[in-house]
Amino acid sequence: MAIGNFSFSSLERGAMKNLGIPSAVTMYFTNSETGVHGFAVNYSSNVLPKIPSCNGINVYLGQSPDGKWLCFDLTAEYLENVFITLCYDLGEYVRGDMNELSCLKKIKKRFDLWRNMLKISKKELDPAIEQGYYGEMLFLSKAINAFGEERAIDSWAGPDKFSKDFTISGTWYEIKTIGSEAEKVTISSLNQLDDPEPGHLVIVSVERKTTESSSDTIVSILNRILEAIQNPEVKDKFIQKLFKVGISLAIVPKCSFNLKSMSYFKVDNAFPRLTVKDKKFNEIVDIKYSLYIGGLTRFKEDEKDALIA
């Protein structure tokens, strides 16, 4: 897969490719004579911040007739697409900085953030959880296009323990990801569709497959979102939110997905829902219910109308 118009498959062994990002340091994609893919930063300073290695990436110093090198070698092949995204992100973080020491400090600071994301707190997610987050990330991709990257990332409210998945400008979106054959959608708490303000129920229908197929995965869609976010501060915020919900970019996807449909339904006082007011007894502590999707047709709305805030 090519990210940022680059793929290691296009780089011969023993070759390097300049990222072409103006700064006080020169940065390259590298492919060693033995086929190890890497990222190298050419510098001249005698002072270099210590940068520890992390899961899947070995960091070390090198020297050649061309000068000193800060090297990042990929040691986990399955992280290749993440690694390319990381390299471009490091480059963009120092774009335009013509102070070499400042660039090196920024690279360390930025890599520290990525190191946290690559920690394997959960190497694998439960398939149902993986499917749920896949649907949320699909919606987030559309929200970025509709609202802009900063408003979209700020609107992702689930990591901050809000009852709705997304809240923005007086409206909200609850995302439900179901199998392609499902006829009903489960609402797991009263708060999910209960709000004085009108909102939207988004039903994402997917076909779930094994990762051997060529379908999309949670990791591939995360990479696309990271590539789409141009503002480093907004990217930081997104990474921190992923960290809050326990999603590491080092996870090994158990599933891949084919998107079948993405449907939007307007939720207001006419929508068939249960609310907190319907709970008459305090002894009842958990309520969930299911909606028959075929009966929701009259509440369906176009995506362009739903994504206005």
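User: Hi! Quick one to start: is Asp-89 buried or exposed?

Analyst: Asp-89 is buried, at a relative accessible area of 3%. Buried stands for under 20% relative accessible area, exposed for over 50%, and partly exposed for what lies in between (1.4 Å probe, protein chains only). Two notes on the background: this is a predicted model, where local features need pLDDT of at least 70 and side-chain atom pairs count only at pLDDT 80 or more, while totals for chains, interfaces and linings use all residues. Residues are numbered from 1 along each chain as its sequence is written, and side-chain values use heavy atoms, with hydrogens and water left out.

User: Thanks! Which residue forms a salt bridge with Asp-89?

Analyst: That is Lys-235, with the closest N and O atoms 3.2 Å apart. The pair connects distant parts of the chain, since Lys-235 sits in helix H6 (residues 232–244) and Asp-89 in helix H1 (residues 80–93), 146 residues apart. Lys-235 counts as buried too, at 7% relative accessibility. A salt bridge here is a side-chain nitrogen of Lys or Arg within 4 Å of a carboxyl oxygen of Asp or Glu. Helices (H or I, at least four residues) and strands (E, at least two) are DSSP runs, numbered from the N terminus.

User: Which residues are linked with Asp-89 and Lys-235 in a network?

Analyst: Arg-110 and Asp-236 join them in a network of salt bridges.

User: And how many salt bridges does the structure hold?

Analyst: There are 16 of them. Another one pairs Arg-95 with Glu-92, at 2.8 Å between the closest N and O atoms. Here Arg-95 is partly exposed at 44%, and Glu-92 is partly exposed at 35%.

User: What about Lys-108 and Asp-112, how far apart are they in helix H2?

Analyst: They are 4 residues apart in helix H2 (residues 100–118), so about one helical turn separates them. Lys-108 is partly exposed at 25% relative accessibility, and Asp-112 is partly exposed at 22%.

User: Switching topic. How many residues of helix H5 are buried?

Analyst: In helix H5 (residues 218–228), 8 of the 11 residues are buried, so the helix is largely enclosed by the rest of the structure. Among the buried ones are Ile-218, Leu-222, Asn-223 and Leu-226.

User: What covers the buried residues of H5?

Analyst: The cover includes H1, H2, helix H3 (127–147) and H6. The cover is judged by contact, meaning heavy atoms within 4.5 Å.

User: Nice. Which residues have the most contacts inside the largest nonpolar core?

Analyst: Those are Phe-72, Phe-139 and Phe-238, in a core of 77 residues. H3 gives the largest share of this core, 9 residues. Apart from it lies another core of 15 residues, among them Trp-172, Leu-190, Phe-271 and Tyr-289. A nonpolar core is a set of buried Ala, Val, Leu, Ile, Met, Phe, Trp, Tyr and Cys residues joined through side-chain atoms within 4.5 Å.

User: Which residues does Phe-72 touch?

Analyst: Leaving aside residues up to four places away in sequence, Phe-72 touches a set including Phe-39, Val-41, Ile-51, Phe-83, Ile-107 and Phe-111.

User: Where is Ser-45 found?

Analyst: Ser-45 is in the loop between strand S3 (37–43) and strand S4 (57–64). Ser-45 counts as buried, at 17% relative accessibility, and it touches Lys-68, Glu-100 and Leu-104, residues up to four places away in sequence not being counted. Its side chain reaches the backbone oxygen of Val-47 at 3.0 Å.

User: How many disulfides does the structure hold?

Analyst: The number is 0. For Cys-54, which is in no disulfide, the nearest cysteine sulfur is that of Cys-87, 11 Å away. Cys-71 is in no disulfide either, and its nearest cysteine sulfur, again that of Cys-87, is 12 Å away. The cut-off for a disulfide is a pair of cysteine sulfur atoms within 2.5 Å. Cys-54 is buried at 14%, and Cys-71 is buried at 10%.

User: Last one: how many helices and strands does the chain come to?

Analyst: The chain has 7 helices and 12 strands. Buried residues make up 49% of its 309 residues, and its C-alpha trace spans about 75 × 40 × 40 Å along the principal axes.

Technical notes. A polar contact is a pair of N or O atoms within 3.5 Å; within protein, one must be able to donate a hydrogen and the other to accept it, and residues adjacent in sequence count only if both atoms are side-chain atoms.
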